[in-house]
Amino acid sequence: MKVKTWVARAATVLLTAAAAATVAGAPAQAAVPDKFGFALWSGGVVSQAVPSTTSVTPGVPGRWTVKFPGQGIAGGVVHVTAVHDALTSPNGRFCQAESWGPDTSLPPNEIVKVACYRTTGVLDPAPGFSVQFARSSGGIGGGLYGYMYNNAACGIITNYTTLGFGTTCTHVGIGQYSIAFTGLGTPGPQDGGIQVTAVNAAAAARCKVASFQSSPNGQFFRILCYNHLGALADNAFTSTYQFKRSLYGPAFPPNRFGYIWNVPGAGPASTNYNSIFGSNGLSAGPPVWTIKYYQLAASLPGNSQATAYGTTPSFCGLHKPWSIAGTDILVLVNCFDNAGNPIDSGFFSSYSSQA
């Protein structure tokens with residue numbers, strides 16, 4: 001199905017019907033987010049964590065359990081990005097979510113299961129990862145934000161948008177999905193940013209963005225999911241859209257957040273946003289890109305995620321943990337072909353601080 005076709009079909013969704021598809025039973029008004037947490041796991045150490053007592057416990061090599069204390073709640077979405085220096089330790093690796101949900105503690109903790117794989121499909125304990133959980137409810141103005149968690153058949157397990165409209169998902173072929181954040185309209189042709197994460201507790205999988213279209217009717221994306229062989233394969237996934245809001249939902253505060261789309265080469269100005277400076281810097285290139293999030297270093301801790309863009313089985317991650325350069329945050333992104341070799345590829349990058 002051509003991009004124009006699926007955009008046209010998605011745009012015909014009645015907004016009133018979409019509004020009825022929002023999560024049942026959500027409070028009419030609530031803070032955004034209801035609960036959230038993020039952490040960086042690198043070198044066997046937890047850092048950049050919210051809450052500060054967040055823990056990561058290794059299990060079977062290549063699998064980890066992340067505990068966000070007191071953040072347990074049903075629903076929400078998780079994003080995971082591998083952190084791996086493939087220049088000194090080839091080849092590229094990728095990480096995914098396996099499951100998440102509250103435990104039985106009082107108050108409950110949010111328990112997130114993460115797994116990382118080599119391109120051979122074998123679990124790999126070597127890479128680090130950046131992980132984020134967020135769950136929101138209720139309407140809120142200023143900027144646009146929404147997320148969804150879809151199963152492999154495109155059924156919506158959980159979703160949310162700041163304007164109260166619903167989301168749609170259409171399974172258009174093996175491993176191919178058309179998703180829409182209806183009602184989150186912008187002028188277009190592309191505005192904002194998105195992050196996508198594969199969810200699979202049984203096998204290596206990864207998902208990416210293949211196309212992106214913004215319009216006054218909403219935001220429309222084509223998502224492709226692959227197995228470790230590079231073949232399109234049906235798979236569950238999460239997606240989060242942001243436009244002048246942080247990746248976990250709120251804005252002002254947090255006062256420091258940003259995102260950028262590399263196509264490759266910087267995308268439209270409306271896909272490059274910095275809450276303090278206006279826009280971000282993008283330099284170098286394959287095998288490592290440097291995103292300079294200007295003046296965002298004053299409100300640590302923070303979290304960064306990356307998602308590949310394009311129509312091949314390539315994937316992207318963080319080359320190293322993000323770092324501080326004066327008042328700026330430096331995020332290094334690398335991308336790989338299906339064999340794990342560094343390549344030139346498009347991607348979405350996002351950074352959000354706690355405050």
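Which side chain makes a polar contact with the side chain of Asn109? In this predicted model, the partner is the side chain of Ser105, at 3.3 Å. Asn109 sits in the loop that runs between strand E6 (94-102) and strand E7 (110-117). Its relative accessible area is 11%. The cut-off for buried is under 20%, so Asn109 counts as buried.

What does Asn109 touch beyond residues up to four places away in sequence? The list includes Lys67, Phe68, Pro69, Gly70, Gln71 and Gly72. Gly101, Pro102 and Asp103 are also touched by Asn109.

The largest nonpolar core has 33 residues. Val112, Val114, Phe129 and Val131 have the most contacts inside it. Strands E6 and E7 each supply at least two residues of this core. Take Val112: leaving aside neighbours within four places in sequence, Val112 is in contact with Trp64, Thr65, Val66, Phe68, Val78, Ser99, Trp100, Val131 and Phe133. Another core, of 28 residues, lies apart from the largest one. Leu144, Phe221, Tyr241 and Tyr273 are among its members. In soluble globular proteins, nonpolar side chains tend to be buried together.

Finally, confidence. The protein chain has a mean pLDDT of 92, and 92% of its residues reach 70 or more. Confidence is highest in strand E13 (residues 193-199), at a mean of 99, and lowest in helix H2 (residues 15-20), at 35. Over residues 1-30 the pLDDT is below 50. This stretch still has 48 contacts in the model beyond near neighbours in sequence. Where pLDDT is low, the predicted coordinates should not be read in detail.

Key: Residues are numbered from 1 along each chain as its sequence is written. This is a predicted model: local features need pLDDT of at least 70, side-chain atom pairs count only at pLDDT 80 or more; totals for chains, interfaces and linings use all residues. Side-chain values use heavy atoms; hydrogens and water are left out. Helices (H or I, at least four residues) and strands (E, at least two) are DSSP runs, numbered from the N terminus. Buried means under 20% relative accessible area, exposed over 50%, partly exposed in between (1.4 Å probe, protein chains only). A polar contact is a pair of N or O atoms within 3.5 Å; within protein, one must be able to donate a hydrogen and the other to accept it, and residues adjacent in sequence count only if both atoms are side-chain atoms. Contact means heavy atoms within 4.5 Å. pLDDT is the predictor's confidence in each residue, from 0 to 100. A nonpolar core is a set of buried Ala, Val, Leu, Ile, Met, Phe, Trp, Tyr and Cys residues joined through side-chain atoms within 4.5 Å.
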